[in-house]
Amino acid sequence: MAHSFRGEHILHGNQFTRESLKEIMDQAREFESKMGSRELLEMMKGKVLATLFFEPSTRTRLSFEAAMHRLGGAVISVASGATSSAAKGETIADTARTVSQYADVLVIRHPMVGSAQEAAGAASIPVLNGGDGAGQHPTQALMDVYTIEKELGTLENITVAMVGDLKNGRTVHALSALLKLYPVDLVFVAPPALKMPGEITAELKQKGVQVTETERLENALSCDLIYMTRIQKERFSDPADYDKIRGVYVLNEEILKGTKKEPVIMHPLPRVDEIAVDVDSHAGAAYFRQVQNGVYVRMALLAMVTGAV
Amino acid sequence: MAHSFRGEHILHGNQFTRESLKEIMDQAREFESKMGSRELLEMMKGKVLATLFFEPSTRTRLSFEAAMHRLGGAVISVASGATSSAAKGETIADTARTVSQYADVLVIRHPMVGSAQEAAGAASIPVLNGGDGAGQHPTQALMDVYTIEKELGTLENITVAMVGDLKNGRTVHALSALLKLYPVDLVFVAPPALKMPGEITAELKQKGVQVTETERLENALSCDLIYMTRIQKERFSDPADYDKIRGVYVLNEEILKGTKKEPVIMHPLPRVDEIAVDVDSHAGAAYFRQVQNGVYVRMALLAMVTGAV
Amino acid sequence: MAHSFRGEHILHGNQFTRESLKEIMDQAREFESKMGSRELLEMMKGKVLATLFFEPSTRTRLSFEAAMHRLGGAVISVASGATSSAAKGETIADTARTVSQYADVLVIRHPMVGSAQEAAGAASIPVLNGGDGAGQHPTQALMDVYTIEKELGTLENITVAMVGDLKNGRTVHALSALLKLYPVDLVFVAPPALKMPGEITAELKQKGVQVTETERLENALSCDLIYMTRIQKERFSDPADYDKIRGVYVLNEEILKGTKKEPVIMHPLPRVDEIAVDVDSHAGAAYFRQVQNGVYVRMALLAMVTGAV
């Protein structure tokens, strides 16, 4: 029988199995098809989503809110920590219990690792982790897996490169947690100071994933797919170190010309200059399609955890 | 004939009679019952609520917005003063007249006492006071009365203690304004510097309410219901004074063990440490139910003032 | 055949013809009539409007959002730049492409001249300019023209005065761009330092509009209509200069008493003291009706560019 997800929290990349991932992907695909044929969906009519964003985020918040509206539901929102009861010293648990009285499902983004887990422990409604600091961002990972499968046609026997700040990037951590369920080869491209944490590579290898670690972007170019990430200036004590690296991990048209078969290119966005604008028109430039897929995957999650499907 | 409320403003605890309160409570009860049976309500479809919050507030704003959505209506919102025309020097009256062109009903929170009254004087739509500084917060008082009646089964011949900062707490002022309509005994527990204002106790006594004033929390424990409030640090010039009081007016499991019959416990939230977390699981801990009741009461108010019921 | 507007951006006052303006006005009038008869409109059901406001604005944002809700649509919103990906260094083009994946139509306000054009160049959905710095604000101009025609019964052979800061006021620039399509006489009332830019008056004259420039408010009083604007303190290096001018361009009851036939008075709001409150009750005081007309015009624009009508 299918894993239902009704009433479940979505907190961490590790909570999924291949079977449960398939269920989400199937549901997302169904919504994508219905949206494509301009079908009017109203299965969340009368339902309320609360988005609590204690950190700025256009993308994740708007994506969830659009998903809710596309299902016919309504949204209540706290778009920044400053306007909230948190300023009066309320705990995350109390906030979550309170919002449980207003809404049917809650998406939370909070700078503290473990905050979404804490909210879920207190809430009486399903909680979706919209990013907990340097911790997890599982719905980003889910839309990434959905995009990879859609772009490459499969999640099996593929080579995926991840490039940039692999040490601090919660996106690549969460994506790795999902990809280890599939027979994939991973190439990690990062400067020594920003390498993928050892416990993540160890776990991947233990699950049978072949992992290659390198400093050279060139080593990624023969992969089926390159997942670029932003290198955040604020991680560097010396600005010169930042500028050095920033200039190295850049995809542009010239580099792509040198590839035998152009890879699919993804990015969690926003980008700064890791991907030159001249790449945008390439067939493999999938980062804006990735954004759109995020809406379908979040529609699936919202509908599944609330029992609307 | 019933008091209709259509087109009326909700501004001050003193505007109600027992009859008009009963009308609101009956309507809130009806909505609670419909929500409990998962009935889809659409009586506000096509209608717009404007929430103008010139002060941070998660709770009141989200509660009103959820209430509007549960009735099938839509919401436009200014979540903080900084993003509004007020920054360009607009008067509250002009803002209210402007928003009257956009919406069918307006909820305003503003730091200035009398601001909601000012908005109501200029608006061509019903205005609900969502808190005007140290002034009033009538919808909080209405949900509190609704909760008291629901928890105790009656509003007659009950003893209610209010604890904490009774001087500055608009919640307890507004609640007192409503409770004086009923045959209740009130126990006010506060340090001398934070006593209930004399004009309020005088008015209560004049209406026949028996009022007891005390500094000792113990004197509240035999009441049917204890209404705890947060003592706000910013009211004290000397932090040591704050810390002394803060440690005294605290409900926890140990204190409750000493009671013959455990009282119902309410709190307008957010709490800091006035109520220990170990109290949350007690049958009488009503503060999160109180939050939920707020949605039903606000649904009733929105529907009644706009003539949707 | 009618100009359809489907899929078009609304960016600049110069993009309209008398024919295309008539189409918008006719549609706005139809919506005004339907709203007046309390007809429930649902033609935007399932559709999403994104409002991206990188500058504070109550009025324009709420007006668009109310318009969308009155058509049965939903809204996702960024109410201030601080909460957005722009803080992470994203370009306007990338933001526009991203939001195109979430919504069916986008309204953007941004402090940089040309920003809306930039967004439109990258977006795959229609973009409406909600104000680009000192540049344009075309939907304001459209609601102003709608209001003028409604108040005076015609756009032909009328005299319109514009008063205040004509140099920096994007509202009067955009309105001039539309009025030059009609046989009107314009009177520009401003201090020398805040005169209407020469290229605008030149273009008006070239189109056959009779333009009179003056410093004296008295010269405006015999016009059919006076369009007042706010003089912004921040434009003056010497506060004394501001105070001098501010006291001069003020409409009040006493001044209006001196007119043979009272003019219609408009203002883009918020006002500070350019129009005394004692004018509000005059039959010709059209500024709050103007706000209401804004909703009808924006309903028309949203429905037309998305192909909902």
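Let me start in chain B, where B:A50 has B:L106 as its bridge partner in strand 3. Strand 1 of chain B, residues 48-53, pairs with strand 3, residues 105-110, in the parallel sense over five bridges. Pairing here requires that DSSP finds at least two bridges between two strands. The strands themselves are DSSP runs of E with at least two residues, helices are runs of H or I with at least four residues, and both are numbered from the N terminus.

This is a predicted model, in which local features need pLDDT of at least 70, side-chain atom pairs count only at pLDDT 80 or more, and totals for chains, interfaces and linings use all residues. Residues are numbered from 1 along each chain as its sequence is written, while chains are lettered from A and ligands numbered from 1 in the order in which they are written.

Back to the sheet in chain B. That sheet is open, has four strands in the order 2-1-3-4, and pairs in parallel. Its edges are strand 2 (74-78) and strand 4 (127-132) of chain B, each of which pairs on one side only. Neighbouring strands are turned by 15° against each other on average, direction ignored. Angles run from 0 to 180 degrees between N-to-C directions, and the axes are lines fitted to C-alpha atoms, for helices over the stretch in contact.

A neighbouring chain also comes in here. Helix 2 of chain C lies across strand 1 and strand 2 of chain B, and runs at about 175° to strand 2 of chain B. Contact is counted when the C-beta atoms of two residues, placed from the backbone, lie within 7 Å.

How many residues of chain C are in contact with chain B? There are 19 from chain C, against 23 residues of chain B. On the chain C side, helix 2 (59-70) and helix 10 (287-305) are the elements that give two or more residues. Helix 2 of chain C has the largest share, six residues. By class, this side of chain C has eleven nonpolar, five polar and three charged residues. For the classes, Ala, Val, Leu, Ile, Met, Phe, Trp, Tyr, Cys and Pro count as nonpolar, Asp, Glu, Lys and Arg as charged, and the others, Gly among them, as polar.

Next, the contact of chain A with chain C. It takes 19 residues from chain A and 23 residues from chain C. Helix 2 (59-70) and helix 10 (287-305) of chain A each supply at least two residues of the chain A side. Six residues, the largest share of that side, come from helix 2 of chain A.

Now the symmetry. Chain A is superposed on chain C by a rotation of 120° with 0.0 Å of shift along its axis, at an RMSD of 0.0 Å. The two copies are therefore related as by a three-fold rotation axis. Chain C can likewise be laid on chain B by a turn of 120° and a shift of 0.0 Å along the axis, with an RMSD of 0.0 Å. Superposition is by least squares on the C-alpha atoms of residues with pLDDT of at least 70 in both copies. Only 5% of the interface residues of chain C are also interface residues in chain B, so the copies meet through different surfaces.

On to chain A by itself. Chain A has ten helices and nine strands. Its C-alpha atoms fill a box of roughly 55 × 45 × 40 Å, taken along the principal axes.

Chain A has an open sheet of five strands, order 7-6-5-8-9, with parallel pairing. Strand 7 and strand 9 (264-266) of chain A are the edge strands, each pairing on one side only. The twist averages 20° from one strand to the next. Inside this sheet, strand 5 (residues 158-163) and strand 8 (residues 225-228) of chain A run parallel and are joined by four bridges. There, A:V160 has A:L225 as its bridge partner in strand 8. Strand 6 (residues 184-189) and strand 7 (residues 210-214) of chain A pair in the parallel sense over five bridges. One of the bridge partners is A:V211 in strand 7, for A:L186.

Last, the backbone. Where is A:P270? A:P270 lies in the loop between strand 9 and helix 10 of chain A, and the peptide bond from A:L269 to A:P270 is cis, with omega near -5°. A:L269 has a positive phi of about 60° although it is not a glycine. Most residues other than glycine have a negative phi, and most peptide bonds are trans. In chain B, the peptide bond from B:L269 to B:P270 is also cis, with omega near -5°.
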